[in-house]
Amino acid sequence: MNFWAYLAKRFLHAIPVYIGISIVIFSLIHLIPGDPAQAVLGDAATPEAIQALREQWNLNEPLWEQFLIWFFNVLQGDFGRSLHTNQPVSEIIASRLPVTLTLTVSALVFSLLIALPVGIISAIKRNTLTDHVSRVIALLGISIPNFWLGLVFIIVFGVYLRWLPPGGFHFNKGFVPGVMSLILPAVSLGAFFAAISMRMVRSSMLEVMRKEYIETARAKGLAERWVIRSHAIKNAFIPVITVIGLQTGTLLAGAVLTETIFFMPGIGRELITAMAKRDFPIIQGLILFFATVYVGINILVDLSYAFLNPKIEYS
Amino acid sequence: MTTQDHAIAVVAADTQEPPPPRGQLRLFVDAFASNKLAVAGLVVFVLAILVALTADVISPYDPNAQDLAVRLMGPSAEHWLGTDQYGRDLLSRVIHGTQISLMVGIVSITIATLCGVTAGALSGYLGGFVDDIIMRCMDVLLAFPALILAIGILAVLGPSILNVVIVIAVVSTPQIARITRSAVLTQKEEEYVQAAIVIGLPMHVRLFKHVLLNCLAPITVQATLLVANAIIVETSLSFLGLGVRPPTPTWGTILFEGKDYILLGMWWMSVFPGIAIILAMLGLNLLGDGLRDALDPRIRGADA
């Protein structure tokens with residue numbers, strides 16, 4: 001099977017999963033006990049308002065028809081409208097997304113800048129003080145919840161030292177204030193990811209360094225730094241990319257907490273605000289959006305994995 | 001044999017956890033005991049459980065007793081970790097929080113393990129149509145970031161301890177199912193299974209007594225690490241105000257109640273519950289890593 005056939009197959013495989021995701025998200029409002037419209041609008045709602053919402057959500061139609069209408073709207077990018085502001089959910093997502101993207105990409109870059117060199121050095125200098133120290137820090141990194149790290153950063157750097165703003169997203173005040181407001185959230189969000197990637201890089205490097213071709217490279221007289229640069233690192237990165245790709249989803253989920261703590265107007269904080277107001281179209285739209293991105297990342301990871309490793313059969 | 005019989009038998013096989021043959025057990029205990037970090041992890045975890053079990057005895061105050069005269073006080077001789085906005089003793093609340101946070105983590109992962117092992121074992125051993133149906137369902141659940149799916153379900157169920165347990169069990173089940181399935185797939189090709197078929201052992205005996213017993217190692221490791229994850233999910237949800245509700249003390253609700261006071265410089269309500277979380281996480285992560293190294297015969301004996 002060639003690459004394109006594999007690509008097509010991977011997409012076909014994603015279709016039933018995606019339909020399943022849609023059914024789960026569609027079902028959310030129907031799992032609320034009683035009439036969804038009544039439950040969402042509350043006891044104070046007038047019968048007219050409830051009837052209007054029932055019609056807007058097609059609640060008077062059979063369930064399968066409701067699903068199909070909803071699903072085809074979603075496929076066209078129509079997630080419905082906010083119950084409170086009547087703004088289309090797709091517009092809300094589009095306006096909040098740049099913040100979340102800036103945050104998650106910065107966190108990703110920060111964590112890789114730490115994880116790759118530290119992981120490689122830790123593996124090369126195995127069982128030395130450098131290795132032990134970086135492993136202990138990585139262990140701490142995977143044990144500290146990122147939202148708690150955010151709180152501590154606010155206390156230390158925002159409240160006591162006053163070095164960096166304790167919240168907000170200040171790119172509207174210029175580039176420098178924007179970057180300053182991004183440092184604490186990006187570092188606190190990326191810390192866990194840095195730790196888990198570092199552990200992965202280290203163990204993958206150690207695995208590769210035991211391989212025979214490394215011995216061969218050494219035996220033919222190649223300097224150790226070239227053995228590492230041109231043979232070990234390249235091969236060690238294949239499993240690393242898989243793990244890093246799969247963990248990117250946790251960065252997105254973590255952004256919900258980070259944005260809430262740092263008062264950043266991204267889609268994560270929007271989700272929590274919508275939860276407080278029980279604004280179900282927004283909740284459904286955002287969860288579907290998160291899941292779509294997550295599924296997309298998984299496909300990309302699979303493809304890059306197949307692309308990087310010529311030995312992998314596309315099956 | 002019906003599917004339900006299978007399910008019951010899997011559950012039975014899992015809860016009894018009959019020990020591996022003696023030689024294997026000895027090897028495992030030796031390998032685990034020689035790993036100092038793993039033993040440290042076990043000690044921390046056992047201590048956390050002891051704190052949870054004796055919370056009523058070792059707490060200096062009633063965790064819900066309000067004393068407005070001492071509200072928002074920093075750490076002192078009377079209140080080691082300080083007090084909150086209602087004058088409640090923070091140490092007592094963190095201790096009682098241990099009880100609920102650990103309980104939520106352990107109960108939810110126990111449920112997830114029972115469901116996940118059942119689903120994964122049936123899927124791996126029966127294959128074909130059953131495998132397709134079960135694994136596609138698990139794929140759907142795995143297609144959401146866990147915290148996001150948890151938030152979505154809680155949007156419907158509403159916040160409560162029971163709902164948090166249900167939600168964490170739901171998002172963790174696919175992880176266990178996947179591990180179990182791949183372990184069963186590997187085991188079922190082994191010669192001892194072929195031998196069991198040849199001597200005419202019935203399928204449920206083969207699956208539950210022989211195959212699953214040999215899959216216990218990866219399942220145990222995964223479950224341990226999932227308990228750590230469950231505690232993080234519980235604290236995250238409660239911190240967002242979507243999980244367990246105040247005044248019930250959990251590490252997450254204490255952080256939730258303390259977060260409004262951070263900008264006023266009252267750090268103790270946010271710092272101390274976090275340290276409790278980190279200790280529990282360290283313990284569970286070290287324990288999980290240690291179990292994995294000790295249970296894996298390929299790594300056993302190598303440096304850990």
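UniProt, in an unreviewed entry, marks residues 12-32, 105-124, 136-163, 175-196, 236-262 and 282-308 of chain A as "transmembrane region"; such annotations use the numbering you see here, with feature names shortened, and may be inferred rather than shown by experiment. Keep in mind that this is a predicted model, in which local features need pLDDT of at least 70, side-chain atom pairs count only at pLDDT 80 or more, and totals for chains, interfaces and linings use all residues. Residues are numbered from 1 along each chain as its sequence is written, chains are lettered from A and ligands numbered from 1 in the order in which they are written, and side-chain values use heavy atoms, leaving out hydrogens and water.

Take two of those stretches of chain A. Residues 12-32 are 95% helix and 0% strand, with 32 Å between the end C-alpha atoms. Residues 282-308 come out as 100% helix and 0% strand, and here the end C-alpha atoms sit 38 Å apart. Helices here are DSSP runs of H or I with at least four residues, strands are runs of E with at least two, and both are numbered from the N terminus.

Now hop over to chain B. There, the unreviewed UniProt entry puts "domain: ABC transmembrane type-1" on residues 98-288. That span is 83% helix and 0% strand, and its end C-alpha atoms lie 20 Å apart.

The largest cavity has about 30 Å³ of space, where volume is the space filled by probe spheres set on the points, joined across faces, edges and corners. Its lining, meaning residues with an atom within 4 Å of a point, is made up of D84(B), Q85(B), R88(B), L90(B), R93(B), I254(B), E257(B), G258(B) and M269(B). Helices α5 (90-126) and α11 (251-258) of chain B each give at least two lining residues, and α11(B) has the largest share, with 3. By type, the lining splits into 3 nonpolar, 2 polar and 4 charged residues; Ala, Val, Leu, Ile, Met, Phe, Trp, Tyr, Cys and Pro count as nonpolar, Asp, Glu, Lys and Arg as charged, and the others, Gly among them, as polar.

Finally, the cysteines. With a disulfide taken as a pair of cysteine sulfur atoms within 2.5 Å, the count over all chains is 0. C115(B) is in no disulfide, and its nearest cysteine sulfur, in C137(B), is 13 Å away.

How values were computed: 1 Å grid on protein atoms, 1.4 Å probe; cavity = no way out; pocket = protein on both sides within 12 Å on 5 of 7 lines; lining within 4 Å.
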